Amino acid sequence: MPPHFFTMTNRFRHSFWAVLCFLPVCLSMKSDLRDEKPPVDNTALHVVILGDSNSSIGGDDCDRPEGWTKWFCECFQPASCHSYARSGATWTHTPNTVRDELLNTSKLHNNNVVYNQVCRLLTAFRQGQQPKPDIIIIAAGTNDAWFAKRRPHALNQKEAADTTGLLQRQPSALLTLSDAVCYNCLLLQRHFPEACIVLLTPMQCTATSEQRIKTTGDIIANCAEALRLPCIRQDSLCCLIRSDELKQHRYTVDGIHTNAAGAEINGQRLCESINGLLR
């Protein structure tokens, strides 16, 4: 035998075992690629956002970095995204709440409610200023939990409201969170029956207890389940942790409102969650 025969044999043996060892990795990579879901194409979808301050600080055009809405739009890439959110807004009404599309305040007010954001959306749509929304995201509830004295009946009703005849009631009669959530969702479903309505429960914050935020989220989730709507629990999904923010403001400027870092994380997480719903 040639003197180099054994050397060639050893090289072949090493190469053979190398291929055998690498084969499962290749098969695994191929399997992972096969199982990977294709990216969601949202470029034909029109998105509308309703809510309170953590949505409104992103601006009506969702272009300010302190709000999750900017980062959500950059990640989600919709055809359009417009925010009707207002700082200080609540779901819950008071005995003095009436329809008022002109009010623009950053404070708690009888008419600073999600209902009036819905009314502004409907008017903008009828006037041709707003494309028909494909996705309506409503992120509210913090102020309902926070201002217990100003919204004393908000958390009284834990289960979803009875929807029978609910839309015939006056805005001034919607004194519980459950009534207001169901009322507004039914109103949106009546006018935009093909839209996907996504409810976001409030994030944790330092303004009120973790338990009140959870209770508020539970009520919203109960309404969503009764109406067969998707609901995302921001109190567990988002990066704000009340105990951490009490020690040091890491993702907020004041324990309540996000800074740019917190908004970016939350916006991207919400984009991933809503993309998952669309799949």
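**Helix H10 and the cores of the protein**

User: Which residues of H10 are buried?
Analyst: In this predicted model, the buried residues of H10 are Gly262, Ala263, Asn266, Gly267, Leu270, Cys271, Ile274 and Asn275.

User: Why would residues three or four places apart point the same way?
Analyst: An α-helix has 3.6 residues a turn, so positions with that spacing point the same way.

User: What covers the buried residues of H10?
Analyst: The cover includes helices H3 (68-76) and H8 (234-237). Strands E3 (135-139), E4 (196-200) and E5 (231-232) also contribute to it.

User: How many residues does H10 have, and what caps its N-terminal end?
Analyst: H10 spans residues 260-278, which makes 19 residues. From first C-alpha to last it reaches 27 Å, close to the 27 Å expected. Asn259 caps the N-terminal end, with a side-chain oxygen 3.2 Å from the backbone nitrogen of Ala261.

User: Turning to the largest nonpolar core, which residues touch the most other members?
Analyst: Among its 40 residues, these are Leu50, Trp91, Ile136, Ile138, Leu188 and Leu199. Helix H6 (177-191) is one of the elements that supply at least two residues of this core, and H6 gives the most, with 9.

User: What is Ile136 in contact with, leaving aside its neighbours within four places in sequence?
Analyst: Its contacts include Val48, Leu50, Leu188 and Phe192. Ala195, Cys196, Ile197 and Val198 are also in contact with Ile136.

User: Which residues does the second core include?
Analyst: That separate core has 17 residues, including Val47, Ile49, Cys62 and Ile232.

User: And for the protein overall, how many helices and strands are there?
Analyst: The protein has 10 helices and 5 strands. Of its 279 residues, 46% count as buried.

Technical notes:
Residues numbered from 1 in each chain as written. Predicted model: local features only at pLDDT ≥ 70, side-chain atom pairs only at ≥ 80, totals over all residues. Heavy atoms only, no water. Helix = DSSP H or I, 4+ residues; strand = E, 2+ residues; numbered from the N terminus. Expected span 1.5 Å × (residues − 1). Buried < 20%, exposed > 50% of the residue type's maximum accessible area, 1.4 Å probe, protein only. Contact = heavy atoms within 4.5 Å. Polar contact = N/O pair within 3.5 Å; in protein donor to acceptor, adjacent residues only side chain to side chain. Core = buried A, V, L, I, M, F, W, Y, C linked by side-chain atoms within 4.5 Å.
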